Amino acid sequence: MQPSDHDSPIGSGSLPASPIAAPALKVLKTRHTLNDASSLSQSEISLPHRRSHPSAASLYASTLSPPGSRSQSPIGRPASRITSSVFGTGSNNGLALASGAGDSPGDPLNLILRAFVPHVAVYTSEDTDVLLKEKGFARGLWELLRPFGERVQGKVMIRDSNGSSRTYEDYSIHFVRFGEGIVHPEPVTTSLKYGQASRANGVSGKSNEPGGPPRQGISISDVESVTDRHLRYAEESFFSLPQSPTNHGLDVDVPSPYYALYLRRLLSGLPLTPHETFAHPVACVIAISSRNQTPIETLQRLYTESFSGDARLPNWVNAEYLRYYVLVHEEERDDITRSMSLFDQMKRNFGLHCHLLRIRGTQSAATDDDSIPLPRSEWMSASEEMADIRRSEDQEDFEDPTRYIFDSDATAIRTFIREMVMQSIIPTMERKVSEWNDQVASRRRGLAGRFVGLTKRWGFGSSNRTSFSGQSSGSNYDSLGFYRQDAPEAIMRKLADYAFMLRDWKLANSTYDLLRSDFNNDKAWKYHAAANEMAAISLLIMPQNLSARSRAETIDTAFEAAFYSYITRCSSPYGALRCLALGMELLRLRGGSSIDDAAKWGIRLLESRITGPVGDALIKERLAVCYASKQGMGTHLWGGRRRKSAMWSVLGAEAWVAQSRYIQAQRCLNEARRTYSELPSGNGIDKFSHASGLLLEIGKMLNQNLEAGEHLQDDGTTSGDDQSEVVDEESEALDVARGRRISVLGLPGGTAGASLETAPLKAQLDASEERERQDTGEAKDDFG
């Protein structure tokens, strides 16, 4: 018996085609089922050809990767790296997790390792900016270097505080423009206005953008908007495919590309703030070109401006970072002999931290034989990507933002970055870590250090300083809301961040732990929240087992303190979202009973309502993944969390339907059905009328929207004289292939009802009886 349309809560019709994308199609579109949970990922290979403006397709490249490189579905079974007991904490090798993270670009651990990396500022002369503009890079040398820094070529060897060396092949650095992204702290006393606080910080009162307000850091709304644009692009493009994709199975080792994008944008463009020093420059590239007539004087002027001039950074930034001097030589116009002589002179005046970068001055085009496309930066900020997307939507003549460079230039840049990282940046950071650890942090460890901290807390033997808002008289915390760069607390925070960026998790965790009490005593709440956050994250990455009691005493306490300070004391929803999102993912990777803790913090994040609708739906998907990661034991999988996983899949589908994201909703609903169908006979949800009624309601809403989209696509395809010839040519064949709607009662990619164990399909139920059941809202008995 062929199932009717009403036999299926979810149909297989097409979604509404975009009014912009539909006219660009030249073939009649076929209908294809949404039962295949992997169909979205497989189809995304062809997405760039489905836009009316193909030049905008490169803006969405981060979610258009081939199926083999990421997950086919946002919901999946446990990752293969989880090997632990279901009733407790099993073996967990943090080093193995960190070493394998580079193989999965969208993996949350990989995103953490690539987000908190050394930041290198770029400060160039006017002649260098002119040279790069002629080459096609309007934003200067920084725009050219940024994509290459996101993956340092070759192996990078780093020595930890114990003297042991480790090699990494996925190390990266972030290039930033010097002096941008500064977020000034809020003064302790509200009577100080922004201009007064800025002057006290040691910088001018102007903001980052002319005429604009002071920057407030990363905006959650921008992250939500960028992810929503990618989702909308996929929705508009998916059903425009000329043929149905096939089922390639599920790859559950990496998350949904949209969740990976959400996390990446949440961690991109870290602002320059006093309470954490990850965005503080580890080094500054001071560059001039071979066109400069007074090169040595220009380099000295740029150094003075960055150290003590108008371009200097605020007082809470340590100005003794590495200066790396670069001479940009133009191969086609300038004399290489003169540039070599000038480079030798630079090394005599400024030391060995110098490099001669030889590039061609002409602009490369896609048609050149030796040109290669410059990769789009994966770590641009959400506001920057959103600005590019808005330009593509507003400008009719929007051009493809992809830039091309000569292969010889790319080789020279890779060599330059590797040489700078291996010979200058890493050794400098290692030397600073050793120095700060011996001179500052070691004094705080042990009994003597605790005694000093106790006397400082009660103000004995310290200088008399004016206290604000209940601060102790011996506090180094300034009334303007920051610690001075030479304060022990600021140096130790920089030590901890340097150790984290060098992947010395043990030293980083011990230093964060020392700082938490200091910040709490000084009532420096944002410092306190950030220290608790990174203490928990570094501890979760460390290669050691944590019992349930240890997690409750350390991890839970740190996350609770960080979340409370971010939300209540600092009004920083971004910090709270970042803290719990990263904590949830790291706890999930540890497996065992840690998965329940991960789900607990994910639910806490949903209850706080600090995310938008997109983030809310994505977190629900990840909660389903968390519970699906809980391994069961025995033939009945005792201790598993399959029912909870299915429940959160249903809630995720409901959240996506509310946003008209029907592809994501279908994938979540398919996963819920698959999970319920794998439960032992009699343990489904057919006996729970409210639960099965909710699934029927979601399926009915999807059916209605799919039918409406089908009619819109049919009308849009047959209209227009320019398409009539192609449509007539293939209409006969496609009409034959036009199939009925397929029921989704079966598993994705399988026959309807083939593997359901909860209840058999009632083929004898006629259509009138079925319609009566739907109208009365009664749950179907044949719903597995």
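## Close-up views of a predicted model

Among contacts in the chain between residues at least 6 apart in sequence, 79% join residues at least 24 apart. Keep in mind as you browse that this is a predicted model. The chain has 25 helices and nine strands, and buried residues account for 55% of its 784 residues. The views below pick out a few places to look.

**View 1. An open sheet of five strands.** Follow the strands in the order β4-β1-β5-β6-β7, and you will find parallel pairing in this open sheet. At the edges sit β4 (174-177) and β7 (354-359), each of which pairs on one side only. On average, neighbouring strands here are turned by 30° against each other, direction ignored. In general, the strands of a sheet pair through backbone hydrogen bonds, either parallel or antiparallel.

**View 2. Strands β5 and β6 side by side.** Here we zoom in on one pair from the sheet. Strand β5 (residues 281-289) and strand β6 (residues 322-330) run parallel and are joined by seven bridges. To get your bearings, find C284, whose bridge partner in β6 is R323.

View 3. Is E330 buried or exposed? Its relative accessibility is 1%, so E330 counts as buried, the cut-off for that class being under 20%. Which residues is E330 in contact with, leaving aside its neighbours within four places in sequence? They are L131, S290, R291, I359 and G361.

**View 4**

View 5. For a contrast with the parallel pairing of the open sheet, look at strand β2 (residues 156-159) and strand β3 (residues 165-168), which run antiparallel and are joined by four bridges. R159 has S165 as its bridge partner in β3. Five residues lie between the strands of this hairpin, where G163 takes a positive phi near 95°.

**View 6. Helices α17 and α18 packed together.** Helix α17 (residues 548-569) packs with helix α18 (residues 573-590) at an angle of about 160°, and their axes are 7 Å apart. The two helices, α17 and α18, are therefore roughly antiparallel to each other, and their crossing is left-handed. On the α17 side, the contact is made by R551, I555, F559, A562, F563, Y566 and I567, while α18 brings P573, G575, A576, R578, C579, L580, G583 and L587. By type, the residues in this contact of α17 with α18 divide into 11 nonpolar, two polar and two charged.

**View 7. Helices α20 and α21 packed together.** In this second helix pair, α20 (residues 613-628) and α21 (residues 642-658) pack at an angle of about 165°, with axes 8 Å apart. That angle makes α20 roughly antiparallel to α21, since angles over 145 degrees are classed that way. The crossing of α20 and α21 is left-handed. Residues of α20 in the contact include V614, L618, L623 and Y627, and those of α21 include W648, L651, A655 and W656. In total, the residues of the contact of α20 with α21 divide into 11 nonpolar, three polar and four charged.

Technical notes
Residues are numbered from 1 along each chain as its sequence is written. This is a predicted model: local features need pLDDT of at least 70, side-chain atom pairs count only at pLDDT 80 or more; totals for chains, interfaces and linings use all residues. Side-chain values use heavy atoms; hydrogens and water are left out. Axes are lines fitted to C-alpha atoms, for helices over the stretch in contact, and angles run from 0 to 180 degrees between N-to-C directions. Angles under 35 degrees count as roughly parallel, over 145 as roughly antiparallel, 65 to 115 as roughly perpendicular and the rest as oblique. A crossing is left-handed if the near helix is turned anticlockwise from the far one by less than a right angle, and right-handed if clockwise. Contact means heavy atoms within 4.5 Å. Ala, Val, Leu, Ile, Met, Phe, Trp, Tyr, Cys and Pro count as nonpolar, Asp, Glu, Lys and Arg as charged, and the others, Gly among them, as polar. Two strands pair if DSSP finds at least two bridges between them. Buried means under 20% relative accessible area, exposed over 50%, partly exposed in between (1.4 Å probe, protein chains only).
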